[in-house]
Amino acid sequence: MTGAPTTSDRPAGTGAPGARAPAGPAGTGHLARVLVYVAGRLATAAFSLAAVVAAAFFLFRILPGDPVRAMTEGREVSARQREELRRQFGLDRSLAEQFLDYASGLLRLDLGMSFQYREPVAELILDRLGPTLLLAGTGTVVAAALGLFLGARSGWRPGGTGDRVHTAVALFFWSVPTFWLGLLLIVVLASGRGFVPALLPAGGMVDPDTTGPWETALSVARHMVLPVATMVAVVYAQYLMIMRSSLMDEKGADYLTTARAKGLRDALVRRRHAVPNALLPTVTLVFLNLGQVVSGVILVETVFSWPGLGQLFYSGLRVPDLGLVQGLFVVFAASVILMNLLADLVYPLLDPRVRP
Amino acid sequence: MSAPAAAAASPRALAGQRRRRALRRFARDYARHGAGLVGLAALVAITGIALAAPWFVDPAHLTITGAPGEPYEPPSRAFPLGTDNFGRSVLDLVVWGSRVSLTVGFLATAVSVSLGTLVGVTAGHFGSAGGVFGRITASVLMRVTDWFLVLPTLVLAVALAAVLPRGTATIVVAIGLTVWPPTARLVRAQTLAVEARPFVERARALGGGHAHVMAWHVLPNVMPVVLAQTTLLVATSIIAESTLAFLGMGDPATISWGGVLEAARTAGAVSAGIWWYMVPPGLAIAVVALSFTLCGRALEAVLNPREAR
């Protein structure tokens, strides 16, 4: 939910890395520049991760004052039970000790204990990772494909009927709260009330009585239709707007005039010449928008009871189970940072113009 | 006013005239954007309803004990949008909910726009005109901004709302502290552009300090961009508010659109197909968010013509 789909975004990862380090002799100088670039990106990512770790500690251990009181709010807990909990979570030691304990635990991939499930948070997360990757991956691919396709059409003829319709529809879906759209889809297509029979399952991932891999896969696919549709509807607007403005930037380029002068048909000029060039800056932005995908996944999984990380996050919030929420906070933030690092490293391979 | 009289007028009057002219031109340009006008009209109407709500909604009817109807009555003459699981009128809930939703939207936007503008102007100003210390400050500020920009906004806002005490103020803080980075980036870029212009150099040559240049020369020229961004951010904030309320982070004592939707879901209205309980609040959020977005895009197009096609 970072800002409306404005047209003025610039790919942040493409900030002219070529300007760094004076150009030396062709061979070794180039290698050195590449190494400096890669090292710089790695250092930035490492620094961001460290900041996430510190922020998580600050948010969940220092800000609430007494985490145990926050966790047991509204419940009858005796003073002895509270002391017990405090010792169990290591809250009776000094803050510095706690931080060292927590940070060294993270290095061993130990995210602490869940208050609610009485299990290590890392294990809970591993159990739920698969469904989330399946849902988020499918949703992102479909949304990106749809958004880029429609964006290319819109940007090619800005102001035309197609452009107006696509932009209006995308803006409408962008303005709709994700969870509400999901709830509506359930009411219309899955509740079985009104005129429409219950076509699709309202929640969960697999029907409990399915047997065999083929049937299971089919059941999962049926359960995925509504969650994926909800995610796509809310996320694709971003991709559409990015692709649209990116293609509009390319429209005046000389190589398009050349292509036309060669006698290529309009559709061919767009598909073979304009779109591949416009796609490049879009790639970074697709990665930068992954934070949005994480938000979308949390809401969609909550609405459709999809057994993934988002639903785990929601169940942690309801208790509130601060250990679990903290672990998921670190995992969500770290995954977005790592994907951005990946985009930064892969991008120069795709686009020779920004190669160091 | 005739030309010689205008020439004789004081500089203040001249500046006033110029401002009025600019305002008229702005209004004329804005009126050319049909979608922007529709958005503006919708916003005026909705704000009016929110302000006038106490006159036609009785707060006593919004309590669980004072509910006027039976649970889950479908829409009728007495209850145009039916009733909820306690028998309260859904129309009343939606009208009353607009007050909290709009308030939170505006306040959270105020927090985030102030923060974003402060960070953006400071980073832009000291990045281009500061000494060594200023440059370091500016680059640290931008690193922090980029870090916040990458983090999943919802996760951060939810985490903040989960650890702070429940209440409307917490929601405002949680949203305000998480949605400012795009504003900061935008304002910084605009500040850099303004700082490069001759009148800023002139102000500096005449002895204007950092604070003077930032407050009197940079800030007024950055405001148009901020205005468009503000309008877009209100939409984001209202959706964020409803999302936080839906995740159970809201103040249970107040009625907001997201809170009504959460209540509908926990009461089982979804699987029971009670559409009149769920459609109106969500539609209200969508209409308000869309109106703000339309206004923001029209403003962007008027103030920054290069960006609009």
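**Where chain A meets chain B**

Hi everyone, let's start with one pair of residues: Arg318(A) and Glu262(B) join their side chains in a salt bridge, 3.0 Å from N to O. By salt bridge I mean a side-chain nitrogen of Lys or Arg within 4 Å of a carboxyl oxygen of Asp or Glu. Between chain A and chain B the count is 1 salt bridge.

Which elements of chain A each supply at least two residues of the side that touches chain B? They are α1 (26-62), α6 (161-175), α7 (178-190), α8 (213-250), α11 (290-303), α12 (309-318) and α13 (322-350); helices here are DSSP runs (H or I, at least four residues), numbered from the N terminus. That side of chain A has 36 nonpolar, 14 polar and 3 charged residues, where Ala, Val, Leu, Ile, Met, Phe, Trp, Tyr, Cys and Pro count as nonpolar, Asp, Glu, Lys and Arg as charged, and the others, Gly among them, as polar.

A word on the source: this is a predicted model, where local features need pLDDT of at least 70 and side-chain atom pairs count only at pLDDT 80 or more, while totals for chains, interfaces and linings use all residues. Residues are numbered from 1 along each chain as its sequence is written, chains are lettered from A and ligands numbered from 1 in the order in which they are written, and side-chain values use heavy atoms, with hydrogens and water left out.

Now the whole contact, meaning heavy atoms within 4.5 Å: 53 residues come from chain A and 50 residues from chain B.

Finally, confidence: the model has ipTM 0.82 and pTM 0.83.
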